[in-house]
Amino acid sequence: MSTALTYAIKFVRDMDAAVHFHTERLNLKVRFQTPEWTEFETCPTTLALHIASPENPAGAAFLALAACYA
C-alpha cells in the first residue's frame with residue numbers, strides 16, 4: 001500500500017477569472033463547474049478551485065491524500 005495525491009484544491013477570489021486562466025492558458029478541460037466549485041480533468045489527480053473565504057484565503061491550497069492499493 002502507498003499513498004496517492006487525489007485532490008489539489010486551490011482557493012480563488014474570482015472563480016470566473018480563475019476558470020478562464022486554467023482553461024485558456026493551461027488548456028485544461030472543465031469536468032464540473034458551479035459558482036463556488038470547479039473541477040478540471042487532470043487524471044489521476046483532480047485539480048479543483050474553491051471560492052476563498054476568511055478561513056481559506058485566496059492563494060491557499062489544500063492537498064488530499066488517500067491510500068492507494070496497486
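**Entry 1: Glu39**

I looked up the Glu39 side chain, which makes a polar contact of 3.0 Å with the side chain of Trp37. I count a polar contact as a pair of N or O atoms within 3.5 Å; within protein, one must be able to donate a hydrogen and the other to accept it, and residues adjacent in sequence count only if both atoms are side-chain atoms. The side chain of Tyr7 also joins that of Glu39 through a polar contact, at 2.9 Å.

I noted the source: this is a predicted model, where local features need pLDDT of at least 70 and side-chain atom pairs count only at pLDDT 80 or more, while totals for chains, interfaces and linings use all residues. Residues are numbered from 1 along each chain as its sequence is written, and side-chain values use heavy atoms, with hydrogens and water left out.

Is Glu39 buried or exposed? Glu39 counts as buried because its relative accessibility is 10%. The cut-offs are under 20% relative accessible area for buried and over 50% for exposed, with partly exposed in between (1.4 Å probe, protein chains only).

Glu39 sits in strand β3, residues 37-40. I take strands (E, at least two residues) and helices (H or I, at least four) as DSSP runs, numbered from the N terminus. Leaving out residues up to four places away in sequence, Glu39 touches Tyr7, Phe32 and Thr46, among others. Contact here means heavy atoms within 4.5 Å.

**Entry 2: the sheet**

I traced an open sheet of five strands, ordered β2-β3-β4-β1-β5, with mixed pairing. Two strands pair if DSSP finds at least two bridges between them. β2 (30-33) and β5 (61-68) are the edge strands; each has a single partner, so one side of each lacks a neighbour in the sheet.

I checked the pairs of β1 next. β1 and β4 are parallel over six bridges. Ala8 has Leu47 of β4 as its bridge partner, and Val12 has Ile51 of β4. β1 and β5 run antiparallel, joined by eight bridges. Lys10 is bridged to Ala61 in β5.

**Entry 3: the core**

I listed the largest nonpolar core: Ala8, Val12, Met15, Ala18, Val19, Phe40, Leu47 and Leu49, eight residues in all. Such a core is a set of buried Ala, Val, Leu, Ile, Met, Phe, Trp, Tyr and Cys residues joined through side-chain atoms within 4.5 Å. Which element gives the largest share of this core? α1 does, with three residues.

Leaving out residues up to four places away in sequence, they include Val12, Met15, His22 and Trp37.
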